[in-house]
Amino acid sequence: MSHKLSAVLITRDCAASLAETLTSLAFCDEIIVVDSGSADGSDALARGMGARVIHQDWLGFGPQKQFAVEQARNDWVLCVDADEIVSPELRAQIERELTDPKHRAFEFPRCNRFLGRYLRHGEGYPDWSLRLFDRRHARWSDDLVHEKVIALGDVGRLTGDLLHHSEETLERYLAKQNHYTSLAAEALCAEGGNLPSAAKLLVSPIFRFLKFYLLRLGFLDGVPGLIHIGIGCFNSFSKYAKAIELRQRKDLWETANRSGD
């Protein structure tokens with residue numbers, strides 16, 4: 001007897017891609033959508049397609065996704081984003097595995113479509129993502145950005161692709177990356193420790209380029225692959241540069257407060 005499966009996703013203003021995502025999840029026993037205040041009708045669209053929609057003010061990526069997982073009626077959950085599609089191959093493998101799971105959590109490749117092309121090399125693939133799990137044995141981390149599933153025990157692997165069908169413009173993609181690097185910089189500062197050195201600022205993006213564009217054959221993805229890794233390298237630089245700025249501002253604020261005492 002197959003285990004029942006709940007599809008879980010968080011939404012906000014994603015109506016343009018949501019219908020295709022929900023259609024690919026029709027094989028699940030239920031679909032849970034946790035919306036944080038969409039103004040574009042995402043919540044109504046999801047409800048109209050049979051999903052159970054719950055409103056929750058934004059908690060941060062990790063906490064928001066964990067909240068969504070906790071709303072499911074079934075212990076086995078499949079977590080996807082509102083611009084991701086479960087491929088037919090992945091669907092078949094999930095259905096087969098859930099008849100007699102050999103693991104309590106499974107990861108599978110995430111294939112990103114960027115500037116009209118699926119990235120099959122470099123940083124964009126296989127982008128292993130742990131998204132299918134028994135929630136009694138795994139949970140989302142509390143990270144506000146770059147959240148991940150923390151699983152107890154071995155993690156199985158499926159080979160079907162989770163397709164990332166983001167239709168955002170390059171301008172919006174860059175704006176999102178700018179936001180993510182700001183959150184990452186804040187997390188670095190919260191950890192304390194030494195400021196990133198000049199060597200770290202320089203070496204980190206260079207190492208990232210060599211690893212993903214050359215060693216991982218990112219050049220085979222053509223111009224979209226080059227643009228993707230170029231942005232990734234700048235993100236490495238930007239994250240550390242922003243961390244330096246935040247630490248300096250904090251030090252100036254603390255110095256000013258001490259002077260006023």
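This is a predicted model: local features need pLDDT of at least 70, side-chain atom pairs count only at pLDDT 80 or more; totals for chains, interfaces and linings use all residues.
Visitor: What is the order of the strands in the open sheet?

Guide: The sheet has 7 strands and mixed pairing. β3 and β12 stand at its edges. Each has a single partner strand, so one side of each lacks a neighbour in the sheet.

Visitor: In which sense does β1 pair with β2, and over how many bridges?

Guide: Strands of a sheet pair through backbone hydrogen bonds, either parallel or antiparallel. In β2, A7 has I31 as its bridge partner. V8 has I32. The β1 and β2 pairing is parallel, over 6 bridges.

Visitor: Which residue of β4 is the bridge partner of L5?

Guide: β4 covers residues 76–79. It pairs with β1 in the parallel sense, over 4 bridges. The partner of L5 is W76.

Visitor: Which hand does the β-α-β unit of β1, α1 and β2 have?

Guide: Helix α1 covers residues 15–24. β2 covers residues 30–35. Together with β1 they make a β-α-β unit. Its hand is right.

Visitor: At about what angle does helix α3 run to β1?

Guide: α3 covers residues 61–70. The helix lies across β1, β2, β3, β4 and β9. Its angle to β1 is about 145 degrees.

Visitor: Which element gives the most to the largest nonpolar core?

Guide: This core has 27 residues. Those touching the most other members are L5, L9, L25, L78, I94 and L132. Two or more residues come from each of β1, α1, β2, β4, α4 and β6. With 3 residues, the top contributor is β1.

Visitor: How many residues are in the second, separate core?

Guide: L5, in the largest core, has contacts including W76, L78, I94 and L132. The second core includes V8, I10, A105 and V149. Its residue count is 18.

Visitor: Within what arc do the buried residues of α4 fall?

Guide: An α-helix has 3.6 residues a turn, so residues three or four places apart point the same way. In α4 the buried residues are L90, Q93, I94 and E97. They line one face of the helix, because their arc is 100 degrees.

Visitor: Which exposed residues does the opposite face of α4 carry?

Guide: The buried side of α4 is covered by elements including β1, β4, β5, β6, β9 and β13. The other face is turned away from that side. Its exposed residues are P88 and R96.

Visitor: What is the relative accessible area of G156?

Guide: G156 lies in strand β12. It touches H103, A105, F106 and E107. The C-alpha atoms of G156 and E97 are separated by 9.9 Å. G156 is buried because its relative accessible area is 4%.

Visitor: Is S129 buried or exposed?

Guide: S129 lies in strand β9. Its contacts include F106, E107, F108 and R110. The cut-off for buried is under 20%. At 8% relative accessibility, S129 counts as buried.

Technical notes:
Residues are numbered from 1 along each chain as its sequence is written. Side-chain values use heavy atoms; hydrogens and water are left out. Two strands pair if DSSP finds at least two bridges between them. A crossover is right-handed if, with the strands pointing away from the viewer, the path from the first strand over the helix to the second runs clockwise. Buried means under 20% relative accessible area, exposed over 50%, partly exposed in between (1.4 Å probe, protein chains only). Contact means heavy atoms within 4.5 Å. The arc is that of the directions from the helix axis to the C-beta atoms. Axes are lines fitted to C-alpha atoms, for helices over the stretch in contact, and angles run from 0 to 180 degrees between N-to-C directions. A nonpolar core is a set of buried Ala, Val, Leu, Ile, Met, Phe, Trp, Tyr and Cys residues joined through side-chain atoms within 4.5 Å.
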